[in-house]
Amino acid sequence: MSPAIVEQVERLLGGRTRDIRLNGELTQLFGERSWPRTAKIIRAWMVWVIVLDVLTLGLNAILLPAETVMSMLWPASILPPAALVAAIAFLRPHALWVQGVFLLSAVFLILLSVALVGVNTGGEFYERHLTIMLFVAVTAIIIFPVPLGWAMAIGAAALGIYLVFQLRNPGIEVGSALAGTLFFASGVAATIVARRTATIFAQKTFLLELRDRSRLAALTDANSQLELLARTDPLTGVANRRSMMETLNHFWNEDLKRTSGAAMLMCDVDDFKHLNDNLGHAEGDRCLVKVAGIIQSSMRDERDQVARYGGEEFLVFLPSSDEQEAGLVAERIRSRVEAASLPNPTSRVGPWVTVSIGIAILMQNGELVSAEHMQRQADAALYLAKKTGRNRVVVHSPEVDQSLQ
């Protein structure tokens, strides 16, 4: 949902309910949301009008003289096709003006059909069917959740038909025809006002749903951001220790049986304390950001994970990796950090920042090891790399453990 729509929704809900007016994109959205329900109501009303017309005509055929029934037959035959065409038209969406033409034309013909049945038959049926015609119009106004202009058009058509035929009614005076029209006009007007009120409440419900959806989306986004922050190291932008632990736990619990192996790299910036003491913590932070970026860019694909594990330590996890692949990745990291020529003038290795890396392999002598054990092995290999001169890669082996004893 666009910010403009969100702002418009908040503005409309912030005012009085009776002042709600949808326009532009909101009108389109409301129409798309309400169309299935509106179309279903209109189709059902049209079908029932046809059924009632046929049943009434059949009942009249039983109870009334044949001559009277024949006079009703042709006006009554206007109604079913008009209602049927409207019902078919609302089987699928059309442009709003097309829907309006179909509906208003069908309703007008239905009202005219009901009125003509009485007018053509005459006598007691004349005014009775005109009243029935107004009742049909009122039910349409009440039931159809359509724009206010459409409801007003239906009411105006019904009152117009009533007035025209009542003025032609030989059984009443002109004054009586006008008075009756005025009386029924007040009822139609009240019905239209009620329809408008119902439409406003439907639109308000729609606006409340949009606002709730917008707030839920904002809350979901905020929660996602918080979750991302909780799993990300704020300085370097790579995963933090917690995130790496979740990755390792998931791998050992879910993916271990489906993988051919894995490797773990423990990377440590050489003489980082000397860098901080000599160049300051700001330069130290810049160094860690650069090193994290180099390590991240040295991964094989999105499956490989890197996390800042401690102050200047980074843990790299390489699923589906053997010793050779892990060695290539580790050497790529080491050489790229050295080639970056980040200053560390008091380092015991040289004037530039370097890293030492210890590697542990999942398969040890044909046996699987745990994540915690692999971390200890990677730490031991890293310790040996530090002990033997730094700026190097050491793979854990039984000899590594012996050399540290």
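**View 1. Trp48 in helix α2 of the predicted model.** Helix α2 spans residues 25-63, and Trp48 lies within this helix. The relative accessibility of Trp48 is 56%. Exposed means over 50%, so Trp48 counts as exposed.

**View 2. A nonpolar surface patch that includes Trp48.** Five residues make the patch: Val47, Trp48, Val51, Leu52 and Leu55. The patch area is about 500 Å².

**View 3. An open sheet of five strands.** The strand order is β2-β3-β1-β4-β7. Pairing in this sheet is mixed. The edges are β2 (305-308) and β7 (393-395). Each edge strand has a single partner strand, so one side of each is left without a neighbour in the sheet. Neighbouring strands are turned by 20° against each other on average, direction ignored.

**View 4. Helix α12 packed on the sheet.** This helix covers residues 323-339. Helix α12 touches β1, β3, β4 (355-361) and β7. The direction of α12 makes about 170° with that of β4.

**View 5. Strands β1 and β3, side by side.** Strand β1 takes in residues 262-269, and strand β3 residues 313-319. The two run antiparallel and are joined by seven bridges. Met264 stands opposite Phe317 of β3.

**View 6. The hairpin of β2 and β3.** Four residues lie between the two strands. Strands β2 and β3 run antiparallel, with four bridges joining them. Arg308 has Phe314 in β3 as its bridge partner. In general, strands of a sheet pair through backbone hydrogen bonds, either parallel or antiparallel.

How values were computed
Residues are numbered from 1 along each chain as its sequence is written. This is a predicted model: local features need pLDDT of at least 70, side-chain atom pairs count only at pLDDT 80 or more; totals for chains, interfaces and linings use all residues. Side-chain values use heavy atoms; hydrogens and water are left out. Two strands pair if DSSP finds at least two bridges between them. Axes are lines fitted to C-alpha atoms, for helices over the stretch in contact, and angles run from 0 to 180 degrees between N-to-C directions. Contact means heavy atoms within 4.5 Å. Patches are made of residues with over 30% relative accessible area and no salt bridge: like charges are joined within 9 Å, nonpolar side chains (Val, Leu, Ile, Met, Phe, Trp, Tyr) within 5 Å. Accessible areas come from the Shrake-Rupley method with a 1.4 Å probe; for residues, only the protein chains shown count as cover. A salt bridge is a side-chain nitrogen of Lys or Arg within 4 Å of a carboxyl oxygen of Asp or Glu. Buried means under 20% relative accessible area, exposed over 50%, partly exposed in between (1.4 Å probe, protein chains only).
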